Amino acid sequence: LHILSACCSHDAFVVQYAMRESLPPQVLAQIVEEESALSNTGSCGNNATGSADIAVVTMALLIRLILHWDHRQVLSFFSPKIREDGTVEPNVANVDHNFPEVDPSSVCRVASAAFLWNCDKGDPESNDDASTTNGNGSGDTRVPRAALDLLSAWTAADLDALDAASEACAGISSSSSSSSSSYVKASHHRITPEEIRQMKPRQVAAHRKREAEYRNANLQRAIRHTSMFCSKETGGLDHMLTCAARAKDHRLRREVGLQIGRLVSNLEEGDDVKKLVASALGCADWKVGSDKDGKSNLNKELHKLTIEELDGDDEEKDEVDKEEKTTEEDEEGKLPKKLLQTMKRGQLTASLLIGKPEVGTWALKCGWSNGNGVSELKDLISSNDPRAMSIASEIVSAASSVESSRPLLSALVEEGTLEDLLIHPDADVRSGAASCAAKIGLASKALSEDRGEVMGLLDVAIELLFDETEQGNDIAPAANENALSAMKKLPTSSNRFPETESTSMDRGIEVMAYLAAKTFVKEELASGYAPEGSPPGRKTALQRLVEIACAPNSGDAQMAYGLAGIFNLLSVSVETLRKEAFVGKEITKEQYDQLQALGKTEEEKEAAAKKDETEGDTPAAVSERIRKLANANVPRAIVKLLEGSNSDATQEKLLEGMNRMASESSVRGLMIQQGCLSTCLNMDKGEKPSDAEKKILRQARSCIAKLLVTTDPNILTVSQRSGSIGPLIKLIRDNDALDLMHFEALLSITNLASFGDETKNRIVAQNGISALGYAMFSDHEMVRQAATEAMCNMVPHPDMMEYLSKPDNLRVWIAFSLDYEDNYECARAAVGCLAMACPDPEFAKALVKCNNFREMVRTLMECGQVELMHRVLALIAGLIEHGGDCRKAVEATGAGQFCDAYVVTYQDKSKIKELNFTPSQRESFASTLSLAKEVARLLR
């Protein structure tokens, strides 16, 4: 099976040897079903046990067959070339349009069997101890996890989902050789903006049509597969819910729940989702709750009849249920039938709240057991079963994230039922309730503005980060009185599952990410906050976050995005976030504030101003906070997360936080020491990155630019200096980048070019001169100035001198020099560049031959701007030294007579006082006067 899996990563092998006739999917389904049956019979005392290794590698092989078919479909859609008239070439080599899809019923059989795998026993034949057991005695969970990857590949709805499934397939098999593949990423077939600009309008329209057709066809296929697997006849959804309900591994339960959420999200219409899940929810009529006043009369009658039928079973069933409710679990993993049913419906509701929030609200209010959802939720909480309470915790956490479902939780809060979850010894149960409390509290305006309440929630979140690392220690008290008594009741030693460590951390980080939006919470965390009464020697909250981020494989964990969000929020002000929200909009933040102010009374304006003052999130406070974060090794934590993350969203958020920190110049050296520069330089997304990947690359290049604006190039390594130039030049050429990004990249190039020939040669090798020349025509004056200054630092490189010596380029530079009234800084840089280039004989000859040379010299000498006069006099002095035609050209401008008159006029120091110069201007004036004397002497 391993060998077959490795071979099937190559298209040619699949086509010749692994078609349906040679490798029937039904055979693979039979293998997994037999192993699953053995796993369950082995748990009943039989010596025979199913091999998880065999089941997992069989699913890996099936995934490769599915992906092979998917990629053949991608090729069949996108490989045909589009002619200029918009028609598509009919024939494409090596693409079989009739390639058979993997048998859907076999996929359903494999996944269903995998979800029924008995995870309560380990695999005695497996040699992989790390992956076989999860540390809590709940056995091998690789099989249902492999089934989740199988469903992801089989229901991939777009190119990005297909690529994600490909990556999952590479990691599912333990065979190292099977990770290689002959096909490219599906997203590779997207056309880039550069390719669009080269295409004719009809070609672009034809490609867009082709993309839409593929997207629609693949979405319909994903919907068919989802509907088939989740149907009552197939039973796949029921098997997933059974797996989640019986799992003692909390993380597995959450992964199954998330996959169910992803599956139902493929269905666009909420009614379609309701039809699909109504039976699993125990809902007699999926239309219930759809009408404005609740239900139609007909629905009411049907509802009553159905309740009688469900509840009116024979006495034997009632007796069995009664017996099961009163009997303790006599066999590990077994649950009372009624409790199991309630847990499955609760798990489905939690998944719906995540994947389809509006349908999830309907399920909790109307669909779950015909409107008894909240009541059965209370039953789960009072069941005293860790798995049932964990599902309840997941429900309240998900429901509190949806505005329409929050009111349904009010009864739990008022009755104190939520406290039963908060005091439970299982950290996973406790963390979901804490997350719910945080979301509800922040959603309430009164609670969110109460500092004491918010700090109490922060204490709970911090305790969740330490829950599994400090068994036997006292828990620090929380601010809220109920939470205080609840947290103090936690046992010091328990029978909790160690696997809940990661899930409790997930929840703690989730709660903290909500709270970190508050300015006073940011200040507390950055200053080394620890809850009152924390055990001696315990790390601060920020140190713990850094420790978690630096742990192995943390970048690929679910909590990585939450950590990225926290670090991001800690390094930015509320005002900056508001400004960024208006970037690219038709209205600025200032204009929006003015419009808002028109509708406010004077009292409201005073209250808003007072609130802004009390927030205290000033630029100075943000800078100080960033310095504290840098000293706490937060940049290193971000680097570690970036190195291990495969998620575009997480990488983007991490780079955004890194950019925010790099805005503070005093920490740039520390950030480079902690690996930020090297990590950004190593960011690579291939030849044709997707739009999301382009955004990530842009963020990484922008961070490089920020870091190198003020960093001394001498402290960088050779690879850092040379390696930074390519990304910076690409950022300058990026038309989608902001002007600020262009500006910072140009400043960094200016800084690096000042180092010497090593960096100048690298800039030239990257076609940097043309990029800088292009940036000189930017619409933003500061970008034009930075580009001009960067060109100045390229002098006297031979390629730069050749560029300047061309007549067309010289006319541009002279025009820039004369534009001092509108763009003074840019004109000053242009004149300075010409003066620096003057020692080159070829350049000097080309300059004096320009038609507007004489106009430039006379205008700048008489402009009255000391800095411009100093530069043009330096240019004149350089030209005079060349003699010949250069000297004659200078004499023709009348520079000698001007300098004589200038020296005579201002030789008397008393007249200088009349000019009212600043100290720096007086110093520049003295240099200019001295240079004028030198020019007058040379021309006599």
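1. Trp117 touches Glu35, Ser36, Ser39, Asn40, Gly50, Ser51, Ala52, Ala55, Asp140 and Val143, leaving aside residues up to four places away in sequence. The model is a predicted one. Trp117 sits in the loop between helix 5 (104-115) and helix 6 (129-132). With a relative accessibility of 7%, Trp117 counts as buried, because the cut-off for buried is under 20%. Ala37 lies 80 residues away along the chain, and its C-alpha atom is 7.7 Å from that of Trp117.

2. Across the whole structure, a search finds 32 salt bridges. Three of them are taken up below.

3. Arg208 and Glu211 form a salt bridge through their side chains, at 3.2 Å from N to O. Both residues belong to helix 10 (residues 201-230) and are three residues apart, about one turn of the helix. Arg208 is partly exposed at 40% relative accessibility, whereas Glu211 is buried at 15%.

4. In the salt bridge of Arg507 with Glu394, the closest N and O atoms are 2.6 Å apart. This pair links distant parts of the chain: Arg507 is in helix 26 (residues 500-515) and Glu394 in helix 19 (residues 386-399), 113 residues apart. Both ends are buried, Arg507 with a relative accessible area of 3% and Glu394 with 12%.

5. Lys539 pairs with Glu547 in a salt bridge whose closest N and O atoms are 3.5 Å apart. Lys539 is partly exposed, at 36% relative accessible area, and Glu547 is partly exposed as well, at 34%.

Definitions and conventions
Residues are numbered from 1 along each chain as its sequence is written. This is a predicted model: local features need pLDDT of at least 70, side-chain atom pairs count only at pLDDT 80 or more; totals for chains, interfaces and linings use all residues. Side-chain values use heavy atoms; hydrogens and water are left out. Helices (H or I, at least four residues) and strands (E, at least two) are DSSP runs, numbered from the N terminus. Buried means under 20% relative accessible area, exposed over 50%, partly exposed in between (1.4 Å probe, protein chains only). Contact means heavy atoms within 4.5 Å. A salt bridge is a side-chain nitrogen of Lys or Arg within 4 Å of a carboxyl oxygen of Asp or Glu.
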